[in-house]
Amino acid sequence: MKPAVKRLIFFAALILFWGLGSHFELWHETILPSPFSVWDALVAGFADLTLVYDLVASFRRLLIGLAVSLLIGTALGILLARSKTADDTIGSMVLALQSVPSIIWLPLAMMWFGLGEGAIIFVVILGGTFVMTLNVRTGIKNVNPLYIKAARTMGSTGIDLFWKVIIPASIPYLVTGARLAWAFAWRALMAGELLSAGPGLGYTLRYASDFGNMALVIGVMIIIGVVGAVVDQLIFQRIEKNVLKRWGLES
Amino acid sequence: MFIEIQHINKIYTDKDNNANTVLEDINLEIPKGQFVSILGPSGCGKSTLLSMIAGLTSASSGGIVVDGKNVQKPGKDRGMVFQEAALFPWMTVTENVVFPLRKEMNKKQAIERARHFLQMVQLSNYAGHYPHELSGGMQQRVSIARSLAMDPAVLLMDEPFGALDEQTRSRLHGQLEKIWIDTQKTIVFVTHSIQESIKLSDRIVVMGTRPGTVIADIEVDIPRPRDEHKQQVAALEERIMGLLKGEIDKVINEELAYEARS
């Protein structure tokens, strides 16, 4: 059986079990609404465009935040890979920063940027930057020395060697870094939105919760999960696979 | 002389601060157009010596002159072919061959030149392929084409066929011999295979180990193609085997002594 078919059957069974449980009142509707209520809540949300606005607002923040974090992350990663002093000092700080969830910066970010876009985007940037930094650093440091030797015998040195050989050689790590940065940024975004003003998926989630609209809560959770899975599998994993194959790293 | 290797010593200190002599007082003169093999057991420093001619490794003392210029750093006058093809996986075959040319000629000329050398190694049909789509032998041919395209004064080859299967290696020997005859390049070829060195070279420099020294310098005057002179080849093979036997015993004894100590 194909994996896709197996997956389809699995999810159908899951929803069936959920629907039957709700139908026979194994749990109360206010605790876990039935799939039909969730479906209705999602349809209503998309019909009056609130969920569309939420998606647009969330993606806007994500794209800005992710773009900035990839830029800063790459620049910082290059710096750490090239300068021993930077690696010994800033590098250790980056490791520490990477080990904490970026949402803990939100209180500070609200003081600095107010309770709006700025604070959330700041948290998203922090979410993606350090994982990108560490991957870029590792990628550059792990370039096969043979490529560098070969390039030097072909007259390539300095900046030419760096941009034409070292950076392209570390692209597999850059792609992995970008994929992880996206995943961290997406989590940071949802956490940030839950705690601040709307519109946005996270904001609607909390709003629905405050008004006891559990069907919409679950609906939004499903959207967040689906978006996360789709972007990861359809975009990043596909690029990663192609790159690994071309770079001859696929086992 | 075209290549002059004068009083080369290479000593490196390991983490316990013990000095290891890798190469001791190596002196060689190689005339233009010669195909020289440097033959020796592993650990004799033959690859280190080649790397010094390429300018990738520095000597502890002594000097190397290629075509009147002191070797200080790597340069396009010395093309290097490594044991692994060292092609850049993000570039097509043509782009790889163009890589060393891109600064000194325009794109059209560079591609034209790449095509010429890919034809020489019989890979014209694979110009647009990526390295991962090629077999090990084909990749190594691209790597040879890439070095030749720079028009180096000397081609340095570090066990270039060591990682290939027997049939492929034998075919590439034939191709390399033909390329050498056609281009008249000076080739310094590092190998640990006695047969390979006899099949290909004008001259075999036999190196001993610990420390690396030249123990014999043999002119090979067997007419080419050498497959047709099996008796002479076998006689020379035996002679070199005799020279190296002592060296190989030395390595084994040293290792046994080391194990006994530890």
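How many bridges join strand 1 of chain B to strand 2 of chain B, and which way do the two run? Hold that for a moment. This is a predicted model. I'll take chain B, then chain A.

Back to the question. Strand 1 of chain B covers residues 3-13. Eight bridges tie it to strand 2 of chain B, and the two run antiparallel. Look at one position there: B:E4 stands opposite B:E29, which sits in strand 2 of chain B.

Now the sheet around that pair. It is an open sheet of four strands in chain B. Read across, the order is 2-1-4-5. The pairing is antiparallel. Which strands stand at the edges? Strand 2, residues 19-30, and strand 5, residues 69-70, of chain B. Each has a single partner strand, so one side of each is left without a neighbour in the sheet.

Step back to the whole of chain B. The count is seven helices and 10 strands. Along the principal axes, the C-alpha trace of chain B spans about 60 × 45 × 40 Å.

Next, burial and contacts in chain B. Of its 262 residues, 51% count as buried. Take the contacts in chain B with a separation of 6 or more: 68% of them are between residues 24 or more positions apart.

And the surface of chain B? The accessible area is about 12500 Å². Carbon and sulfur atoms hold 48% of that. On charge, chain B carries 30 positive and 34 negative side chains. The centres of those two sets lie 7 Å apart.

On to chain A. What elements does chain A have? It has 11 helices and zero strands. The C-alpha trace of chain A spans about 75 × 55 × 30 Å along its principal axes.

Of the 251 residues of chain A, 44% count as buried. For contacts in chain A with a separation of 6 or more, residues 24 or more positions apart make up 68%.

Chain A exposes about 13700 Å². Here carbon and sulfur atoms supply 71%. Chain A has 19 positive and 14 negative charges, and their mean positions are 17 Å apart.

To close, two pictures to keep. Chain B has seven helices and 10 strands, with an open four-strand sheet among its features. Chain A has 11 helices and zero strands.

How values were computed. Residues numbered from 1 in each chain as written. Chains lettered and ligands numbered in written order. Predicted model: local features only at pLDDT ≥ 70, side-chain atom pairs only at ≥ 80, totals over all residues. Heavy atoms only, no water. Buried < 20%, exposed > 50% of the residue type's maximum accessible area, 1.4 Å probe, protein only. Contact = heavy atoms within 4.5 Å. Areas by Shrake-Rupley, 256 points an atom, 1.4 Å probe, with all protein chains shown as cover. Lys, Arg positive; Asp, Glu negative; His and termini not counted. Charge placed at Lys NZ, Arg CZ, Asp CG, Glu CD. Pairing = 2+ DSSP bridges.
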